[in-house]
Amino acid sequence: MNLRSTPASAPSDRWGASSLVCWWRAIPAALRSARAGLRTVRVRVLATVLAFLAAGLFVAGTTTLALDLRDLNSRVSEDLLRQSARLQDIVDQGLPDGTPYPTLDDLFTVFLRGGTLGRYESVMATVAGGDTFLPAGAQVRNLGQAQVLETALAVPLDGNTALRDVILDGHMVRLAITPVSLGGDSPKGVLVAGNEIGQQREQMVASFGTFATVSLATLLLAGAVGYAVTGRLFVPIRRLRQATETTTFEDVSSRVPVPPGDDDVSQLATDFNRMLDRLEVGIEDQRQFVDDASHELRTPLTIIGGHLQLLQPADALDVAETRVLLLEEVDRMQSLVNELLVLARSGRPDFVRPDWIDTDSFLEAAMERIRVLGDRHWQIEQLPGGWFRADRNRLTQAIEQLAANAVHSTEPGDIISIGAAWVAAGDRASTEKPHEPTIDIWVADTGCGISAADQERIFDRFARAGVSRGAEGSGLGLPIVKAIAEAHGGSVQLSSRVNVGSRFVLALPSGTSWLAF
C-alpha cells in the first residue's frame, strides 16, 4: 500500500509564516501606542524632572571631582616642598655643637633619620659622583631608580626646587627635586621627594564612578517612584480626558470624581464638574426652549395655515376677517416667543443688573403701571420704606405678570393689592444668607383662588390653574416670575384658597444693607 502524506513540517511552516505576518503587522500599532505613551503629560513631566535631576547630579559630581583634583594638586605640591623646607631648617641649625655639617653624607643621614613620611610619600638623596641615601624604613616608592636619578640630575642646579611628574612602574609620581650644596669645593647633592599623585587621582576617579553608579540607581528609583506618584496625581486628568471623550451634546451627565485634598488637580476636577453643570443647564434650557417653542407654536401655525387654505380671495369680507384673525395669531406668537426668550436667558449672568431701589417709590410706580390692566379695586397695602438691590426692569416685569394673573382670576370690584415688608436676618430659615435681611414683595387678590393640586404645578411651564375667570394665557407667566426671583437669589411663594383669593410673595435678599425710614 502506498500512502501519500503531507510532510510534518508543512503545517508548522504555514502557521509560522502566518504568525510572522501578524507580528509584523502589529509593529506599527505598537509603535504608535508607544509614541502616544511618550507624549502624555505624565511622561513629559517625569522626564523633565529626571533630566534636571540628572543634570544636577552630573554637575555636582563633576564640579566636586574637579575641585578635589585641584586641591590634591596643591596639597601634594605643598607636602613635597615641605621636605625641602625641613632640609633647609636642618642646614640652618647645624650640628648639636652649632657647627655646620662638614659633608653632605652627614647632612643627608640626619635628614633621613628624622621626620615622618606620609602614606603616599617617598624620599631619596644623592651626592654627585657619590652615594645614594634612602630611609631605613619601608616607603611607598623606591626612588633609587635610574629613571629618577636621570630626572634629578637633568634639573638645573640653580638653587630652586623643581617639580616634575614622571611615570614609575605604570604610576604617575610627582617629584620635588632640590639641589643641595654646602658651599666651597664640597660636592653637589640632590634631594628628591616623591608623592604617588597618580594613585590618589585614580582613587578620586573611582569615587566619582561610585557616585555615578549611585546617582544612576537614584535616578532609576526616583523614576519608578515618580512614575507611580504621578500616576496617582494624574488620575483626575486621565478622567478629565475620558470625560471629554464621552461628553457630547446629547449627554453631558458624566462627572469626574474629585480626589481628596486642596491641590491644583483637585481644584481642576472641581472646576471641570462645575463647567459641566453649567453646560448641562444651558443645554437643558436650550432643549426646553426648542421643545416649548415647537409645542406652543404648532397650534397658531396650524390655525394660520388652515385659514389661509379656506380663504376666499374674491370675498372681501372673508379676506378682512381672516386678516384680523391672522394678525391676532401673529401677535400671540410674538408674545409667546418673547416669553420663551426671557426664560431661555434667565440662566445667563447678565439676566439681571441690580441697582439700589427705593422700596416705596418702586411700589408706587408699579401701581401706576398695573392699575390700567383691568377694572379692579387697586390698592397699596403697605409701604415699608428703605432700599434694596434688584433689577428694576425685571422686578417690574414680575409684578406686572402677577398683576395680570390676578386680573384673570378676579372680577370687576374685586381687590388687588401690592405691598412689601422687611424680614429680619434669621427670621426666614430658608434664606441662603441667614445673616442678611430680606424683603417680601407681594401681589394679593380676592379672586377665585387656586386649588391645592394646582398650587404644586402652577410654576411649571405651560401649566394652567384649574380655576380661572379670565382668558387663558400662555402658561409661561409664573415660570418667568419664578426665574426672575431665582435670578435675584430669592424665591416666589404662594398661598391661596379657592373662592377666597391668592397671595404671591417675592422673597428677595436686600443686598448688603438696607435703610428704613
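Visitor: At what angle do helix H9 and helix H10 pack?
Guide: This is a predicted model. Helix H9 spans residues 359-370 and helix H10 spans residues 392-408. Their axes lie 10 Å apart, and the packing angle is about 50 degrees.

Visitor: Are H9 and H10 roughly parallel or oblique to each other?
Guide: The helices pack at about 50 degrees. Angles under 35 degrees count as roughly parallel, and 65 to 115 as roughly perpendicular. H9 and H10 are therefore oblique.

Visitor: Is the crossing of H9 and H10 left-handed or right-handed?
Guide: Residues from both helices meet here. Phe362, Ala366, Arg369 and Ile370 come from H9. They meet Arg392, Leu395, Thr396, Ile399, Glu400 and Ala403 in H10. The crossing of H9 past H10 is right-handed.

Visitor: How are helix H2 and H5 oriented to each other?
Guide: Helix H2 covers residues 41-93, and helix H5 covers residues 197-233. They pack at about 165 degrees, with axes 10 Å apart. Their crossing is right-handed. Angles over 145 degrees count as roughly antiparallel, so H2 and H5 are roughly antiparallel.

Visitor: What is the strand order in the open sheet of 5 strands?
Guide: Strand E2 (132-133) and strand E3 (162-168) each pair on one side only. The pairing in this sheet is antiparallel. The order is E2-E1-E5-E4-E3.

Visitor: Which residue in E5 stands opposite threonine 178?
Guide: Strand E4 runs over residues 171-180, and strand E5 over residues 189-195. The two pair in the antiparallel sense over 7 bridges. Opposite threonine 178 in this pairing stands leucine 191.

Visitor: Which strands does helix H5 touch where it packs on the sheet?
Guide: Helix H5 packs on the sheet with its direction about 145 degrees from that of E4. The strands it touches are E4 and E5.

Visitor: What angle does the direction of helix H4 make with that of E3?
Guide: Helix H4 (residues 146-153) also packs on the sheet. It touches E1, E2, E3, E4 and E5. Its direction makes an angle with that of E3 of about 155 degrees.

Visitor: Why do the buried residues of H4 line one face of the helix?
Guide: Val148, Thr151 and Ala152 are buried in H4. Seen down the helix axis, the buried residues line one face because they fall within an arc of 100 degrees.

Visitor: Which exposed residues does H4 carry on the face turned away from its buried side?
Guide: The buried residues pack against E1, E3, E4 and E5. The face turned away from them carries Ala146, Glu150 and Leu153.

Visitor: What distance separates the C-alpha atoms of methionine 124 and valine 148?
Guide: The two residues are 24 residues apart along the chain. Val148 is among the residues that methionine 124 touches. Their C-alpha atoms are separated by 9.6 Å.

Visitor: What share of the chain's contacts with a separation of 6 or more links residues 24 or more positions apart?
Guide: The chain has 12 helices and 12 strands. Buried residues make up 35% of its 517 residues. Among contacts with a separation of 6 or more, residues 24 or more positions apart account for 63%.

Note on methods:
Residues are numbered from 1 along each chain as its sequence is written. This is a predicted model: local features need pLDDT of at least 70, side-chain atom pairs count only at pLDDT 80 or more; totals for chains, interfaces and linings use all residues. Side-chain values use heavy atoms; hydrogens and water are left out. Two strands pair if DSSP finds at least two bridges between them. Helices (H or I, at least four residues) and strands (E, at least two) are DSSP runs, numbered from the N terminus. Contact means heavy atoms within 4.5 Å. Axes are lines fitted to C-alpha atoms, for helices over the stretch in contact, and angles run from 0 to 180 degrees between N-to-C directions. Buried means under 20% relative accessible area, exposed over 50%, partly exposed in between (1.4 Å probe, protein chains only). The arc is that of the directions from the helix axis to the C-beta atoms. A crossing is left-handed if the near helix is turned anticlockwise from the far one by less than a right angle, and right-handed if clockwise. Lists of a residue's contacts leave out its neighbours within four places in sequence.
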